[in-house]
Amino acid sequence: MSNTTLGPGGHWRNWVGNQSFVARHMATPESEAELAACVAAATRQGLGVRVAGSGHSFTPVVATSGLLLSLEKHAGIVSVDRASKRVTVKAGTRIGDIGRALKQMGLSLANQGDIDTQALAGALSTGTHGTGATLGNLSSQVVGMRLVQPDGSILDLTAEQDADRLLAARVSLGMLGPISTITLQTMDAYNLKEIVWRDDFEACMERHDELAASNRHFAFFWCPVPESRHLYCLGDTSSVSNTPRDYDVCEMKTMNFTDAAPYTRAGGFEKVAYSSEIYPIEYVANFHELEYAVPVAHGKQALREVRELMLTRHRNCIYPVEYRFTAADSGWISPFFEQDSVTISVSGGPGIDYWDYLRDVDAILRRYGSRPHWGKLHFTNADDMPRLFRRHADFVALRRRLDPQGHFLNDHLRNLFA
Ligand SMILES: Cc1cc2nc3c(=O)[nH]c(=O)nc-3n(C[C@H](O)[C@H](O)[C@H](O)COP(=O)(O)OP(=O)(O)OC[C@H]3O[C@@H](n4cnc5c(N)ncnc54)[C@H](O)[C@@H]3O)c2cc1C
């Protein structure tokens, strides 16, 4: 493939606009063969290669000065094995499109996150998760993956034949090669009943363990002031509230299996629908988010300290704190590697100087051995890696073996994984 077939380069920016760069070439392959040819052509020229999903990461995980690939035209369902409920999907498929296709097939994803506009490969590559104390992140539903190697060959990983390397690839930020297709373990279709309400912070803390244990999904947003709710487009739950207050409160949510037919009640605060129609909520691009996975035993104490920080030193930082649960998994560099966790996320408002606030939150959360969400702002550095990830050295060794020239790295990733 010649230089020109890679296509001209251009400027790229992420969804929220805090990351941007100029790539020398851009390409939008429509098949695995085209994807492989693009990768081989770029590496022959000594260029770096990165793939953009839907650009919903806040960190520089997509950046490249070489070839930037978009797989938006390499999307759709490849095959379905009805007996095993395994579904193979092209890497650029949006999560929402997967949900709509699965509904037609009588299947569901086991869990998903707050939005469904990410490309599947982009979402699982950073460890994207939903909430549920017994439920793993999205990548823990992966049972097979095809990755393009620097010479354009295909590395075909399956849970049966190459389980360990598949665990490395599940969360790999594009460093083991562009993902072409992904096989997901799905389950029979289910409806969820969602209930949303508001309660005082202390009441929420008191019920924390019980609500996490007795519901398939439990999560909440802590809001220091009434205005916080609007920043994340959260509904006004005063009509279904357990408290007369609208400050220092938790906007709570549970979701559980139900046999009931779809309905919506109480101003939308009680709802039944097909699984993938319940999970997503709406955000506007007005926040820069940091998130860490905190060992579950320390979750409440870590949240108390972040709350205290916001009520005292950083009173101008009023975005809600989101608090969710995710079960341990085995992905080598997954934020949830062998550790049941809660995730605590905070956001800075674009245009205000929020860096000291994020650093103070990092100082609290790192004391508890917390790990970063790779797609959200964090202060994790190379020195932290071996302590946080027992298999970090294995990951680096595998990455070097598959990509000795480092074509699939960028500066941000080189610091952590070279
Ligand atoms: C509004 C909003 C809501 C969010 N909600 C949640 C949530 O509920 N839970 C959660 O955990 N996170 C959440 N996130 C974070 C988001 O899910 C992650 O950052 C996710 O990785 C973004 O997916 P993407 O498709 O935009 O990928 P990108 O951000 O474009 O890319 C992410 C990484 O994947 C790599 N990549 C993309 N495609 C491929 C491929 N085909 N092969 C190899 N590597 C590839 C990229 O190079 C990059 O390293 C949210 C973010 C936003 C902005």
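Guide: Two strands pair if DSSP finds at least two bridges between them. The structure in question is a predicted model.

Visitor: With that in mind, which residue is the bridge partner of E289 in β20?

Guide: The partner of E289 is S347.

Visitor: How many bridges join strand β18 to strand β20, and in which direction do the two run?

Guide: Strand β18, residues 288-295, and strand β20, residues 341-348, are joined by 8 bridges, and they run antiparallel.

Visitor: What is the order of the sheet they belong to?

Guide: The order is β16-β17-β13-β15-β14-β19-β20-β18-β21. This is an open sheet of 9 strands with antiparallel pairing.

Visitor: And which strands stand at the edges?

Guide: Those are β16 (263-265) and β21 (371-372). Each has a single partner strand, so one side of each is left without a neighbour in the sheet.

Visitor: Which helix packs on the sheet, and what does it touch?

Guide: Helix α8, residues 299-312, packs on it and touches β14 (217-223), β18, β19 (321-326) and β20. The direction of helix α8 makes about 15° with that of β20.

Visitor: Changing topic to the backbone: what is the phi of C233?

Guide: C233 has a positive phi of about 55°, although C233 is not a glycine. Most residues other than glycine have a negative phi.

Visitor: Where is C233 found, and is it buried or exposed?

Guide: C233 is found in the loop between α6 (226-231) and β15 (249-258). The residue is exposed, because it has 11 other C-beta atoms within 10 Å, and the cut-off for exposed is 12 or fewer.

Visitor: What about A266, then; what is the value of its phi?

Guide: The phi of A266 is near 50°, which is again positive in a residue other than glycine. A266 is found in the loop between β16 and β17 (270-274). With 13 C-beta neighbours inside 10 Å, A266 counts as partly exposed.

Visitor: Now the chain as a whole: how many helices and strands does it have?

Guide: The chain has 12 helices and 21 strands.

Visitor: What share of the residues is buried?

Guide: Buried residues make up 47% of the 418. As for contacts between residues at least 6 apart in sequence, 72% join residues at least 24 apart.

Note on methods: Residues numbered from 1 in each chain as written. Predicted model: local features only at pLDDT ≥ 70, side-chain atom pairs only at ≥ 80, totals over all residues. Helix = DSSP H or I, 4+ residues; strand = E, 2+ residues; numbered from the N terminus. Buried ≥ 20, exposed ≤ 12 C-beta atoms within 10 Å, placed from the backbone. Contact = placed C-beta atoms within 7 Å. Axes fitted to C-alpha atoms, helices over the stretch in contact; angles between N-to-C directions.
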